[in-house]
Amino acid sequence: GSTTSRDGESLARASTSNKAVQLTSRAAVTRARSTASPRYVLCSASARSPSIDVPGGKLTVFAASVAGLEGPARLRRGRPPQALALRAAIILDSAEAWNARLVQHQHHNPDAGHAAHVSYRKCLGARLPEDTEVSCHVGNEVFTASNASSATFGEGRLVRFENDELRHDFVHCVLGAPARRWRQPPGPPRRLHMQLSFDIPHFGRMGALPLELCRVALPLRRISFCSQPLYGLGTLRQELPWVVDDWLDYHLDHLGFQHAELYDVDGSLHSILERRAAKRARNPRGTATISYWKAWPTNLSVALADASRIHPYCTETWAYAHCLTTHRALSRWVMLLHAPDEFVMSPGRERRGELLRVLDGIEADLPEDEPLTLLRVKASSFARADTVNDAFVTSRGAIIAMSQWRGEQRYLHTPVLDPALCLCAGPHTCYAEADSDFPGMVQEIPPKDLVVHHYVEMLARNVGRCARQHKSCIVPDDSAFWLPRVLQGM
């Protein structure tokens, strides 16, 4: 597998294995590329995210993609047609405006079973004024208020999301006439230059942000996963040395995920990925890739990096906004697989690549041209044994082998999202745009097909957490008994 840091450069050089969309001949590949909408992401060569100073702070585009659902080669099941368009995730950084909010999930269980001694607060900040006008231009010309016009810029709009746990803005611009010209030779460019324009009330001038996007050459992946901002993995590995390796190796090399978008707060994932990459160089296994965003909050702002030292999940929903915006051009599905205490299981199925076979069945039943935004996967919380031999804890697959009792309740926990349709997500769901009640259709995946084993007592200090969540964790469940053996062979 290929591993990259910060910018996803693996897109240009990694191979992929995509059984569901694999075409049977080189001619078929050529035809598909000529009839499918081109896809673009921000070029990794850009060392810094594009930003400008505006009233109230610094405005930055921290993720962007161009994609559409057009042409005879487009995927139709669960997806309506969409014009080729830019989506950009933006952040207005104003140090004075940031606040960390604790989300209250339920009156009877307000902490939702969270681990003790951890802050789950989410950071919310400033926003552009409601009547800000947005437009976009395709080309690398430099425009200002004096030489821009409706002829040079196409109309765009702000897409806004706000609720108890997040506040995010995105820009949406249909490319229109420039994209239609790409249907003729020489076709879409390898690099796409665009300019976003923001007409902000009382600013006195037009704020413009240049974007450089690179065309994605690889086929659309079937499914990727994105993590929450991870932290403290060095401490975790002192107690369970293999748990992060187990998590990555199982999901990427056995279950069938084709890419992982990984974020951390403190750089503690870096040495683990370096060790994994060195091992893969000596003994190649699989074709899944990883993109790594080291010290993720520093990619957004100094204020958020500071806040994340106290509230490590402060930028969690910002990571998901980055993930979904980027993978709109890279992946058919994205799962929010939060952390190494979650393992996706297909009960009774031990074969490699089982996730892709489950997706085959789900997709075959989806209606054509209808928006299916979210697949919901349920989870079960697992308790671990009170006393465990130290040598056992340090072996591969240890947390799975010593956690074979679960709560009776299976709860909605893990979203599988279509990034073409879902712009904005929290940890467990896709959200509708502000002033709208409909984010798209939702379908639950039966636990017999997919279920998440949530090892809420991964650390010894958390023993008893499962019972605090569910009153009791006494249901025997050894459905993952085979997995430690597989991990020990990796």
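A salt bridge here is a side-chain nitrogen of Lys or Arg within 4 Å of a carboxyl oxygen of Asp or Glu. By that rule, the count is 32 salt bridges.

Some ground rules. This is a predicted model: local features need pLDDT of at least 70, side-chain atom pairs count only at pLDDT 80 or more, and totals for chains, interfaces and linings use all residues. Residues are numbered from 1 along each chain as its sequence is written, and side-chain values use heavy atoms, with hydrogens and water left out.

Take one pair. E316 and K122 form a salt bridge, 3.3 Å from N to O. E316 sits in helix α8 and K122 in strand β7, so the pair ties together parts 194 residues apart in sequence. Helices (H or I, at least four residues) and strands (E, at least two) are DSSP runs, numbered from the N terminus. Both E316 and K122 are buried. Buried means under 20% relative accessible area, exposed over 50%, partly exposed in between, with a 1.4 Å probe and protein chains only.

Now α8 itself. 12 of its 12 residues are buried, so the helix is largely enclosed by the rest of the structure.

Next pair. E130 bridges to R160, with the closest N and O atoms 3.2 Å apart. E130 is in the loop between β7 and β8, R160 in strand β9, 30 residues apart. E130 counts as exposed at 64% relative accessibility; R160 counts as buried at 7%.

Last pair. D449 bridges to R349, closest N and O atoms 3.4 Å apart. Those two are 100 residues apart. D449 is buried at 17%; R349 is partly exposed at 29%.
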